[in-house]
Amino acid sequence: MVEHRRWNDILAYAILILGVFIVVFPVYVALIASTHDAATVVNGNMPMLPGSHTLENYYRAIFVGGSRASREPVGHMLMNSFVMAMGIALGKIVISILSAYAVVYFRFPFRQTAFWIIFVTLMLPVEVRIYPTYKVIADLKMLDTYAGLILPLIASATGTLLFRQFFMTIPDELLEASRIDGAGPFRFFKDTLLPLSVTTMAALFVIQFIYGWNQYLWPLLITTQESMQTIVTGIKKMLTTTDELAEWQLAMATAILAMLPPVAVVVFMQRLFVRGLVETEK
Amino acid sequence: MEKTAVFKGKFLPYLLLVPQLVITLVFFYWPASQAVWQSFLREDAFGLNSEFIGLENYQALLAQPEYYKSMVTTLVFSSLVAALSLSIALLFATQADKNLKAAPTFKVMMIWPYAVAPAVAGVLWLFIFHPSLGTMARPLRLMGFNWNPMLNGNHAMALVVMAAVWKQIAYNFLFFLAGLQAIPRSVLEAGAIDGAGPYRRFWTITFPLLSPTTFFLLVVNVVYVFFDTFGIIDAVTGGGPAGATTTMVYKVYADGRLGGDLGGSAAQSVILMVIVIALTAIQFRYVERKVQY
Amino acid sequence: MANVSLRNVRKTYPGGFEAIKGIDFEIGDGQFCVLVGPSGCGKSTLLRMVAGLETVTSGEVDIGGRVVNEIEPADRDIAMVFQNYALYPHMSVYNNMAYGLRNRGMPKPEIDTRVREAAQTLELAGMLDRKPRQLSGGQRQRVAMGRAIVRQPKVFLFDEPLSNLDAKLRVAMRVEIRKLQRRLKTTSIYVTHDQLEAMTLADILVVMNGGQVEQIGSPLDIYRKPATTFVASFIGAPPMNLIRLSGDEIRAQFAGDSRSAAETGILGVRPEDLAISSEATADGGITLNLTVEAIERVGAETFVYGTRARAEKAVSATPGELPEGEVIVRIPGQDAPAIGASIRATAPRDKLHLFSADGRNRIDI
């Protein structure tokens, strides 16, 4: 509309800049804290400009770990987080594209039952069944393993529903043309369905990678060895040294490192991220 | 909706379903049913003996004042987070929707906190508002405000709410912006021709047309507060002080782990399951209705 | 090359709906057969049964002397062009055409020869590396054709292949398809709801309605001697005027004809067979007194819409066709009577069609 265009725009910009400020502020403070030495950070009057201990802090965090409590080096935690996030994202893509293919492109007894068995998992996040799940993992001797970190978190229907929804949009004629061209279920999947699903897979990957990377409660519970710790759970443990002064500058460096991969994924794959987010929530 | 063109195949479909079904049965149905079963048992601290005690765990739970307190805490926490994050996100989304050239840039800058882990978000906010070393604690104290989330329950609640809202704005912003952009310009133009000013247009045209998005987000936000905020609470307050930030989900964790009361924790899990299923059912009914539009 | 025979073919869906109610006909080697009918008449279902995409409930589908009811589409030696083309969106034009050949294990050099040859024929040679979305509608249509040609199948199946093109392109492609089929001499079955397409393409025309065949024959035979009122109004545009007559009127009109003893009947006369004349016909034809209601000039010809005078009210059109009492007259040129004028339209006796009262049978005059 034409009315008060100038005023409107100025106001809109002001509000949005305020919004960006709110969003950026905590991260900026963390970034600054990660460049000062311990004494500067804890005195309660930290400057709002970068200090000179950047390299030292990040070097210590990544390769040595918080020295006083002899923690695990963050480099190793990053690796664990990466394996877990990749495992969850890829594992979920694989199992759900297969099950969606079965449910959409085949007719067989108990098809609806199978679909509902998968579908119901939408309703209960891992948080409400943590201890029994913990027990299952313990019984299966999967504590402190990547499998134990990954498998319970891919037992959900979101991926299956997403692929099912996508498959429904593929015209039937494409399958019919394939059949006339002599392609069976395996060839159709490999030559047609997989190439067409690339974007959907990528969108699901982005969402699941972030989901996996950001897991907290589950890894907290089933990792007892420090060598299996993920970065998100590691930060908290850096701060629970009640006796000594926690090393905040290292914790903040770790927080920055923990944010970097998933934030990079959102920023650089924005379109896929938005698509994944919108479609998994339908 | 069903495909009409399908493959024949007797064994292949089952083979394709096996990985997902096995994982779902082993890591979902087995533990979920264990939770239900355990809620009827009393187990000793070492898990060696257990006896069936019927509804005793539930009775014990419902006799606990702490349990009601956690319910109230959850309610307060959810309402605050949902109300604040929705209205702030709506404000930002309406501004970004004004066809500004910079809207795409603002969009990226607004949505990335979605990718920050709740526990990490908690740590960031804890650092800023830490009573002794936080950047914001000093100005607050200078203003004569005795800020201490470590001791004051309301302060602790305010802090976790801030962290939770900060993280959730991104998600709400994204969906509100999409909802706003889906409203046809012509409807708003018709409103303008009918003499409605921008403010009036928003409340009489935009907001009602946005209500499906708002309702959807409301449900999603409540589910978010229930579960995803665990990391924030554990990182910022550990449920304290004196249980002031112990939500129902946090209590499941705390009672089972710290207290070792597995039966009581399982009973709480079952109650939570019922609540989540109810929420999901509401969401589905709404989705179904939306389909009919 | 092959004959295609359908022997008492039926299709009943699980819900009990009978889509095809027993169809018999044979298409000779190299013939171009067109299935035409309104939407929902079962023409596409029948084609898909020949392709093997729908199961046959009963009866036999025979391609080249082999009953193929239980044979997979890929093994029937047919190729199909779909309405939406069904091109593989992620494959280049080349791969779209080569895919079926590769799946059959054909040696690479031969695939290459065939694809390039087809591309040459269809003027796609410069586009082999493009993806379908980079092509225009007409080009996509040609790729779909190419995919069928390279296979060198016994039978081509076309499922409304031109309906997604604009009018001009549709005419051009129609001619192309016909030329191509003449040259390749491949038996073809072509489904369309467009009667003009059907008339111009077919060697044999099969008019279908409600899961049944209404009439089979050469296009001109069907035009000249429609077997039912359905065929009469479906083939030809604008449709044949159908006028319900009482027994008396029939006896008066067709006096001396032994077969006109029926109680009532339906008289048909094509708009192009009517002429505006100053005097009544004498030779046993009909004369209709009309008041002009509307005029449509399309350049080379003009359509005159008239209603019959009140005195003729006993004569009424069949339901679902023209409004009661309305008649279309098609005259050459642009000269037309004024609206509101009273005119006299006449047709000679040999241009009249007579059908039984239910419209299901043609009565020879």
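This is a predicted model: local features need pLDDT of at least 70, side-chain atom pairs count only at pLDDT 80 or more; totals for chains, interfaces and linings use all residues.
**Stop 1: the chain contacts**

Colour the model by chain and begin with chains A and B. Of the 2 pairs of chains that touch, the pair A and B has the most contacts. Select the residues on both sides: 83 residues of chain A are in contact with 78 residues of chain B. Within the chain A side, helix α1 (residues 5-33) of chain A supplies the largest share, 13 residues. By residue type, the side of chain A that touches chain B divides into 62 nonpolar, 11 polar and 10 charged residues.

Next, display chains B and C together. No contact joins these two chains, and their closest C-alpha atoms lie 8 Å apart.

**Stop 2: a glycine in chain A**

Select helix α15 (residues 270-280) of chain A and locate A:Gly276 within that helix. Is A:Gly276 buried or exposed? A:Gly276 has 25 other C-beta atoms within 10 Å and therefore counts as buried, the threshold being 20 or more. Leaving aside residues up to four places away in sequence, A:Gly276 touches A:Ala203, A:Leu204, A:Val206 and A:Ile207. For a distance across the chain, draw a line from the C-alpha atom of A:Gly276 to that of A:Leu124; the two are separated by 20 Å and stand 152 residues apart along the chain.

**Stop 3: the annotated spans of chain B**

Turn to chain B. An unreviewed UniProt entry lists "transmembrane region" for residues 12-32, 71-93, 114-136, 156-180, 201-227 and 266-287 of this chain. Select residues 71-93 of chain B: the span is 100% helix, with its end C-alpha atoms 32 Å apart. Then select residues 201-227 of chain B, where the span is again 100% helix and 0% strand. The end C-alpha atoms of residues 201-227 lie 36 Å apart.

**Stop 4: chain C as a whole**

Of its 365 residues, 39% count as buried. Among contacts in chain C between residues at least 6 apart in sequence, 66% join residues at least 24 apart.

Highlight residues 4-235 of chain C, where UniProt, in an unreviewed entry, places the feature "domain: ABC transporter". This span is 36% helix and 25% strand, and its end C-alpha atoms lie 24 Å apart.

**Stop 5: a hairpin in chain C**

Select strand β9 (residues 204-209) and strand β10 (residues 212-217) of chain C, which run antiparallel and are joined by 5 bridges. One bridge to inspect pairs C:Met208 with C:Val213 in β10(C). The two strands form a hairpin with 2 residues between them. In the turn, C:Gly210 has a positive phi of about 55 degrees.

**Stop 6: an open sheet in chain C**

Finish with the sheet of 5 strands in chain C, ordered β13-β17-β14-β15-β16; the sheet is open and its pairing antiparallel. Which strands stand at the edges? They are β13 (275-276) and β16 (326-332) of chain C; each has a single partner strand, so one side of each is left without a neighbour in the sheet. The partner to display beside β16(C) is strand β15 (residues 301-308) of chain C, which pairs with β16(C) in the antiparallel sense over 7 bridges. Within this pairing, C:Gly306 has C:Val327 of β16(C) as its bridge partner.

Conventions
Residues are numbered from 1 along each chain as its sequence is written. Chains are lettered from A and ligands numbered from 1 in the order in which they are written. UniProt positions are given in the numbering used here, feature names are shortened, and annotations may be inferred rather than shown by experiment. Helices (H or I, at least four residues) and strands (E, at least two) are DSSP runs, numbered from the N terminus. Two strands pair if DSSP finds at least two bridges between them. A residue is buried if 20 or more other C-beta atoms lie within 10 Å of its own, exposed if 12 or fewer, and partly exposed in between; C-beta atoms are placed from the backbone. Two residues are in contact if their C-beta atoms, placed from the backbone, lie within 7 Å. Ala, Val, Leu, Ile, Met, Phe, Trp, Tyr, Cys and Pro count as nonpolar, Asp, Glu, Lys and Arg as charged, and the others, Gly among them, as polar.
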